[in-house]
Amino acid sequence: MNEFEKAYTTKEVSLTLDIGTSTLRKWCLALEENGYQFLRTDNQKRLFVERDLVALRYFQKLVQGENFSLENAAKVVTSKYKGEASETGTPSVLPQNEMEKRDFKRSDEILQELLERFEKQEQFNQELLRFNQELLQRLEEQQKYIEERMNKRDELLMQSLKESMETRKMIATAKEEEEKKKKGFWSRLFGK
């Protein structure tokens with residue numbers, strides 16, 4: 001860090017990244033466990049410089065945007081932005097040596113593999129969505145068919161009931177007329 005470079009507090013960085021301070025602390029611990037170095041005050045509080053913000057934004061992209069675990073994101077970020085002590089004892093964000101470059105390449109391979117898995121998962125999700133939409137459409141068609149059949153059945157049932165009632169009325173009317181005829185016969189027979 002040069003003497004004119006601005007240092008940020010935990011609170012300022014958490015506001016900049018739009019995350020909670022406890023989340024920022026977890027991220028910093030994950031990075032430190034993988035060898036990343038942050039500046040510290042005399043009472044061991046972290047101070048952040050621009051290169052730390054760049055590394056943390058990348059970490060945030062991996063964790064929140066691409067669903068990396070904290071551990072995997074820390075490994076990728078650390079391999080890309082590992083701190084190297086300079087003469088002043090401040091961390092650097094440049095790769096340290098060829099070994100780190102190879103680690104970075106391996107991290108890129110891991111990242112590429114994870115991205116491919118993510119794309120496959122996304123394709124699977126799209127196929128699943130299409131399947132679900134087709135299934136919903138079939139269910140709607142089936143429901144419509146069932147409703148039409150039930151309506152048709154109800155119509156036939158009502159028609160059958162009407163016909164049955166009309167038949168009963170006709171039978172009742174015929175019985176009444178027959179009764180009248182019988183009464184008429186007896187009345188004629190006995191003269192009343």
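These legends accompany several close-up views of a predicted model.

View 1. Let's start with the overall layout: the chain has 5 helices and 2 strands. Starting at the N terminus, the elements follow the order α-α-β-β-α-α-α. The chain is 192 residues long, and 22% of these residues count as buried. Its exposed surface comes to about 15000 Å², with carbon and sulfur atoms supplying 53% of that area. Among contacts between residues at least 6 apart in sequence, 53% join residues that are at least 24 apart.

**View 2. Helix 1 meets helix 2.** Here you can follow helix 1 (residues 10–17) and helix 2 (residues 21–33). Two packed helices are described by the angle between their axes and the distance between the axes. For this pair, the axes come within 9 Å and cross at roughly 100 degrees. That angle makes helix 1 roughly perpendicular to helix 2. On the helix 1 side, the residues in contact are Thr10, Lys11, Val13, Ser14 and Leu17. Their partners in helix 2 are Thr21, Leu24 and Trp27.

**View 3. A salt-bridge network around Arg40.** Take a look at Glu32, Arg40 and Arg46, which are linked in a network of salt bridges. Within it, the side chains of Arg40 and Glu32 meet at 2.7 Å, N to O. Arg40 is partly exposed, at 35% relative accessibility. Glu32 is partly exposed too, with a relative accessible area of 22%.

View 4. Helix 3 covers residues 50–65. At 1.5 Å a residue, its 16 residues should span 22 Å, and the end C-alpha atoms are 21 Å apart, so the two values agree. Which residues of helix 3 are buried? They are Arg51, Asp52, Leu53, Ala55, Leu56, Tyr58, Phe59, Gln60, Leu62 and Val63. Lys61, by contrast, is partly exposed, with a relative accessible area of 47%. Lys61 forms a salt bridge with Glu66, and the closest N and O atoms are 4.0 Å apart. Glu66 is itself partly exposed, at a relative accessible area of 23%. Helix 3 is followed by Asn67, which has a positive phi, near 55 degrees.

View 5. Helix 4 runs over residues 70–81. Its 12 residues should span 16 Å at 1.5 Å a residue; the end C-alpha atoms are 16 Å apart, so expectation and model agree. The buried residues here are Ala73, Ala74, Val76, Val77, Thr78, Ser79 and Tyr81. Glu71 and Lys75 are also part of this helix, 4 residues apart, or about one turn. An α-helix has 3.6 residues a turn, so residues three or four places apart point the same way. Glu71 and Lys75 form a salt bridge, with their closest N and O atoms 3.2 Å apart. Lys75 counts as partly exposed, at 41% relative accessibility.

Technical notes
Residues numbered from 1 in each chain as written. Predicted model: local features only at pLDDT ≥ 70, side-chain atom pairs only at ≥ 80, totals over all residues. Heavy atoms only, no water. Buried < 20%, exposed > 50% of the residue type's maximum accessible area, 1.4 Å probe, protein only. Contact = heavy atoms within 4.5 Å. Areas by Shrake-Rupley, 256 points an atom, 1.4 Å probe, with all protein chains shown as cover. Expected span 1.5 Å × (residues − 1). Axes fitted to C-alpha atoms, helices over the stretch in contact; angles between N-to-C directions. Parallel < 35°, antiparallel > 145°, perpendicular 65-115°, else oblique.
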